Amino acid sequence: MSGFFPKLFVILLSIVFIGVGTAAAHSVGTSYVRIEQSSDATISNVRVDLSLRDLAFAVGIDANRDGRITWGEVLQQSPSLVSYVTSNLTITRGERHCVLDAPTISIDRHSDGPYAVVILNMKCPTEGLLAVRSNMMFDIDAGHRSLLSVVGPVSQTLTVLTIDSRIWKQSAADSGRWSAFLRFVVQGVWHIWTGFDHLAFLLLLLLPLARPGALSASRSSGNIARAVFRVVTAFTAAHSITLACAAFDYIHLPSKWVESAIAVTIVITGIANFYERTARFGMAVAFGFGLIHGLGFASALADITSNATHRLLPLVGFNLGVEIGQLAVVAALFPILFLNRGSDVWRRHAVTACSLAITALGMAWLIQRVAS
Amino acid sequence: MRSSRPQNDATRLRFGVAVIAFFLTAAAWATPYRPSSPDEVLLELDGAAQRAVSNSAALRTAAASRADPNASAIIAQEFIDLGRSQNDERYFGYAAAALQPWSARRDVPVQLAILQADIAQHQHRFTEALRMLDDVIARDGKNARARLMRATLQMTQGQPQLALRDCQRLLVLQASFAATVCIAQASSLNGKLAASYRLLSDTLRQPVVAGNADQYAWAFGVAGEMAERLGDSEAVEIWLRKAIELMPTDLVSRLQLCDVLLRRGQAQAVASLLEDAPASEPVLLRRALAEQYLAGTKALDDWNEAKSRSEQLGIRLHLRELARGQLELLHQPQRAFETARQNWAVQREPADARILALTARAVGNRETLRQLAQWRDELRLEDAGLVL
């Protein structure tokens, strides 16, 4: 493990340098189309990147024909640029057209030079499969490749459109309920594993359970298992309640305060861990603070399901994912707790050291979240 | 300890490449920006590109209606020339688009069909290019350009006997210089290397005819390739330097010379030879190979990036080059062998045989080596560089 991170660091550094010094590649003409959709795809946006070299030819963007394309010329030609995009890019849902409007123009650099970036709002019908057809650049460049990526709330597809295959159609399997459900489950697992704050809180709850004081007379594995089970169940019940309430709009709190409150729960629980007796109240803490964490899950869920028509399916899937992710962490931690049951070193040092570290982290989160 | 090193390197490299590829894909969607001043110059088109673009804009309307095949021919030719001189694939796509209204039509005029074949050949669609040229020659047997193109293609596919016939027809068609080079090249691949080399050297002793620079550059390149098969690396360098002097934008000779220099370990010379060369995959490959002698990883990263970009776009143009990169840069002999085999299915020049032999030896595939030896003997191909 120790060798991995330095290596990763070197690689990350080298990426930074590659990004700076990339040579202009001489490859075929390329454009990029990225569609970002919400779970029901009613409101989304489309980003189209077109090479200025191609645009000089296709739209005549070098208005004064001096061979130098300036930002002013791009702005001046933006109406024709936008109409070139909207007339050559057709997006449909359920065989009915999506409306593209509210364009903004900017510039980006890809490996083969500068590109004009057109970002449009996209409004689509609510039902059916998505389809994209692009005629962009194929009239002037028969070898042109258009790299299409369609980014859904929990999935991404990447396709290359060419002059001979200009159409991409969403497959029915992609949009089916079952696969949508699975994607929400994955998203839930992902959220608990990458949202370190929930993981940190869970650790704070579980670590002291192997302390002698936390357990009744015997130190059997059954006792530890029971203690873990109680705490995890309390946490799960609590966050499920608030997650459901928030998902159905019964509770609505600004996410800044929710996020800050989550940091507070970590700090408090961390400090409480310095006192051995507090482990007796593990279940109550898990439940009480679990209510707050549920609101945090809700805002993560809301991010990936904005404007969704169905709420139950994402909610159940996401929550199931959260539980699976949480159980995996518990399963990984349990043997450690079991082996250290009642150990003095564990009681005096390990729990305190871990709690101290996590509390510090919680403090940092708190400051960051309140200040932002 | 020593023996485990290459494998470690390869693993680390593979991991690095995977991570880099991931980040590059992500970086393709970097945050766009709005320049602060309208006067900020975002792109400068060079003169030739600018002329081609503005000329074609006027001609395109006429061409699209198929009313004026000449208009289409002028645009397409201009873009093909631009693509060749700048080694930019994009312009071949532009040329093809100018001919698009005529694609898959039986009444396509001969001049346009030749241009279509030229583009197809450049894009390594050899079978298609051959079919188009067969069609052109069936309609116009006296078309010298079509004959020469077909001969070159047949040589590319390892059929010098067929090529020789077209070369000989060129003699009748008053294209004596091209015919001589063509005949010498085809015979050299078919058991008469030494005699052909003498013939070509004698022909090239005459001073270069003005206005024929591109033909002479081509001939010098052919002579260089023969000298290479004869194992005379000094002569190769002399021929190739002559070709480069005549046509400084001709990348093929430059790349060939790089390979000679690389074999001698003259990495610094390679770097300076490619200094202002366009960043195409073959150029990046040689820069990376040169870099193995010097210290550094920048060129390797560039080549890797270009390679993953092509993979992402589904472009498989330079299979021979790819096989070489996989063998010599990535140290993946098995993969290199597979690529060289795929390349061999479409292209059979001596250089293609060499990379196939090299990779087959690296993976210990005796059957392939035996088949190659048989192919070489049947063709009576002489090539000092083909070690079987």
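Predicted model: local features only at pLDDT ≥ 70, side-chain atom pairs only at ≥ 80, totals over all residues.

Modeller: Residues are numbered from 1 along each chain as its sequence is written, chains are lettered from A and ligands numbered from 1 in the order in which they are written, and side-chain values use heavy atoms, with hydrogens and water left out.

Biologist: Why is A:Asp49 called buried?

Modeller: Buried means under 20% relative accessible area, exposed means over 50%, and partly exposed is in between, with a 1.4 Å probe and protein chains only. A:Asp49 has a relative accessible area of 0%, so it is buried.

Biologist: What makes the contact of A:Asp49 with A:Arg47 a salt bridge?

Modeller: The term requires a side-chain nitrogen of Lys or Arg within 4 Å of a carboxyl oxygen of Asp or Glu. The closest N and O atoms of A:Asp49 and A:Arg47 are 2.9 Å apart, so the pair qualifies. A:Arg47 is at 9% relative accessibility and therefore counts as buried.

Biologist: Which label does each partner get in the salt bridge of A:Glu36 with A:Arg34, buried or partly exposed?

Modeller: The closest N and O atoms of A:Glu36 and A:Arg34 are 3.1 Å apart. A:Glu36 is at 36% relative accessibility, so it counts as partly exposed, whereas A:Arg34, at 17%, counts as buried.

Biologist: Where do B:Glu338 and B:Arg341 lie?

Modeller: Both are in helix α18 of chain B, three residues apart, about one turn of the helix. Helices here are DSSP runs of H or I with at least four residues, strands are runs of E with at least two, and both are numbered from the N terminus. The salt bridge between B:Glu338 and B:Arg341 has its closest N and O atoms 3.6 Å apart. Over all chains, the structure holds 35 salt bridges.

Biologist: What makes A:Phe248, A:Tyr250, A:Leu312 and A:Val316 a nonpolar surface patch?

Modeller: Patch residues have over 30% relative accessible area and no salt bridge; nonpolar side chains (Val, Leu, Ile, Met, Phe, Trp, Tyr) are joined within 5 Å, and like charges within 9 Å. A:Phe248, in the loop between α8 (221-247) and α9 (255-272) of chain A, is at 33% relative accessibility and so counts as partly exposed. The patch covers about 440 Å², with areas from the Shrake-Rupley method, a 1.4 Å probe and only the protein chains shown as cover for residues.

Biologist: How do you know what lines the second largest pocket?

Modeller: On a 1 Å grid over the protein atoms alone, a pocket is an open set of points where a 1.4 Å probe fits, with protein on both sides within 12 Å along at least five of seven lines; lining residues have an atom within 4 Å of a point. By that test 41 residues line the second largest pocket, with B:Ala120, B:Gln123, B:Arg125, B:Glu128 and B:Met132 nearest its centre. The largest share, five residues, comes from α6(B).

Biologist: What sets B:His124 apart in its phi value?

Modeller: Phi of B:His124 is near 60°, a positive value in a residue other than glycine. B:His124 lies in the loop between α5 and α6 of chain B and, at 29% relative accessibility, counts as partly exposed.
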